[in-house]
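I set out to record what I looked up in this structure, entry by entry. The notes begin with a strand pairing and then turn to a helix.

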Amino acid sequence: MPLKLGELLIKARLINQEQLDKALEEQKQLGGRVGEHLVRLAFVSEEDILDCLSQQYGVPSINLRHFDIDETIIRLIPADVARKYQFIPVSKTGATLTVAMSDPTNVFAMDDITFITGYRVEPVVASEEALREAIDRYYGTSHSMELKKVMEDLATVEEASLEVLEEEEDLDVADLEAGAGEAPVVRLVNLILTDAIKRGASDIHIEPYEKVYRVRFRIDGVLYEIMNPPMKLRDAIASRIKILSKLDIAEKRLPQDGRIKLKMKLAGKLKELDFRVSTLPTLHGEKIVMRLLDKENLQLDMTKLGFEKASLKRFEEAIFQPYGMVLVTGPTGSGKTNTLYSALSRVNTPEVNIMTAEDPVEFQLVGINQVQMKESIGLNFAAALRSFLRQDPNIVLVGEIRDFETAEIAIKAALTGHLVLSTLHTNDAPSTINRLMNMGIEPFLVATSVNMIVAQRLVRRVCQKCKESEDIPVQALLNIGFTEAEAPDITLQKGRGCEVCNHRGYKGRVGLFEVMAVTDDVRELILSGATALELRRKAIEEGMISLRHSGLQKIREGVTTVEEVVRETVL
């Protein structure tokens, strides 16, 4: 870069080669830019250099010594950013911010300015010396800034030694609202939301720590760190998200739950999106988790969820029964809601009355009466279920069986001519029986009411665009459950990583299913007080495919990898 300027000045006959060599020699000894040394040696004036730079970069030049900058313009750029990149904002017209800089080709600086201010950047060129003077004049000298910081630190120490520090500081709601409405914060929150949609994230985690503020996205079930916003934006970001989700921005001590509904144009298509928002006070500020609910990602075709053919046939038989209970179990985020919605859409016809009690209602389904739980006014699963039974239902969905009261009413409904669908948090299908009995339900009620239990997990799919064969020792295949006869013949697939899958080798997820039908033999075992292990043996005898064997089938088909199946299932 300096040589180009020197050549330009020689071409303009403003200096000769000997003068340039002398300036370059001084630059080697003292550092800095060649232009500064040419001016100091009085070979050229600053105006001459500005004219040459203007020609070189193809942008106008400005002499900052003859220019007064408005204070409101200066406040658009933080002092530390101005010093880091050696630039200063000079004027604003509409959505365009004119910025004086010594190197208008610095795209990183211009990207940062756009990100911080939200304005389009129009660069003008200024000399380094004039820029330094202007930054010191408008932002204060480096020395005075350091002195001010030291004095502030001393004042803090002195106050701390004299007074007991309060844990909660007084909140000015007006200040919070003003901070949340500033352009950089609005743009940053918009960027986080749109980026999550583009990357196919299911959850956004915004987490404050002592020295780090980080944003993570859960993509295909795995969390990835995406960005680290400045700590000073922590409260403003939290307030912005709270305003969008209609939460109390002044309440920082208690958890809050809300919802953001957005319309967003992506790739020329208008998308309607729901974000479920949860805030939680932590040691260093509020952690915010947003669950992204995208209707387009809802897969209602049961044949595409990942069921094996035999398992799907059994499941369909159970949901077409006139009464009884079908339970779907698994940890949070294992796709239980999707499976239940798929089942409802399969049995949803004008002849049946379907009612659901959900917390929250994740997706709105046509032809189904969905009720949102509101614990604060006493509308919980048990209360909703009681009301449902007076509404002449055929099929009832209970979002989750959490307690004895809900379980008891659900079982009574299943025994009195209603099909009841619900979820539980258990590790596998057989242990669900014991879980219900541990809640206080009598074994004979469990045995007579439950028709089927489905346990499920989600594993990542190998990217179809970049998948390739992978060699793995036969012993490793034997260790995860393959037989000696089939292990040598299995061809494994893995993703190499490409643009389609963001170089992760995985794109999308598929379900592993353990479908346990409660047959007459299983009922006898339940009534005799059998353990989960005995129930498992009997179910496998009768054709149940376990979660691990469902995973092995997906490996055989090249749908997923050994690592994914081992991560989600046990032998």
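**Notebook: a sheet and a helix**

I first looked up Ala100, and found that its bridge partner in strand S3 is Val124. I note that the model is a predicted one.

I then examined the pairing around that bridge. Strand S2, residues 96-101, pairs with S3 in the parallel sense, over six bridges.

Next I traced the whole sheet. Three strands form an open sheet in the order S1-S2-S3, and the pairing is mixed. I recorded S1 (87-93) and S3 (120-125) as the edge strands, since each pairs on one side only. From one strand to the next, the twist averages 30°.

I also looked for what lies across these strands. Helix H7, residues 107-117, lies across S1, S2 and S3 and runs at about 140° to S2.

I turned to helix H16, residues 404-415, and checked its length. With twelve residues at 1.5 Å a residue, H16 should span 16 Å; I found its end C-alpha atoms 16 Å apart, which agrees.

Which residues of H16 are buried? I listed Thr406, Ala407, Ile409, Ala410, Ile411, Ala413 and Ala414. I set beside this list a general point: an α-helix has 3.6 residues a turn, so residues three or four places apart point the same way.

I then asked what covers the buried residues of H16. The cover includes strands S10 (324-329), S13 (395-398) and S14 (419-424), together with helices H15 (381-388) and H18 (443-449).

Last, I inspected the residues that follow. Just after H16, Gly417 takes a positive phi of about 95°.

Note on methods. Residues numbered from 1 in each chain as written. Predicted model: local features only at pLDDT ≥ 70, side-chain atom pairs only at ≥ 80, totals over all residues. Heavy atoms only, no water. Helix = DSSP H or I, 4+ residues; strand = E, 2+ residues; numbered from the N terminus. Expected span 1.5 Å × (residues − 1). Buried < 20%, exposed > 50% of the residue type's maximum accessible area, 1.4 Å probe, protein only. Contact = heavy atoms within 4.5 Å. Pairing = 2+ DSSP bridges. Axes fitted to C-alpha atoms, helices over the stretch in contact; angles between N-to-C directions.
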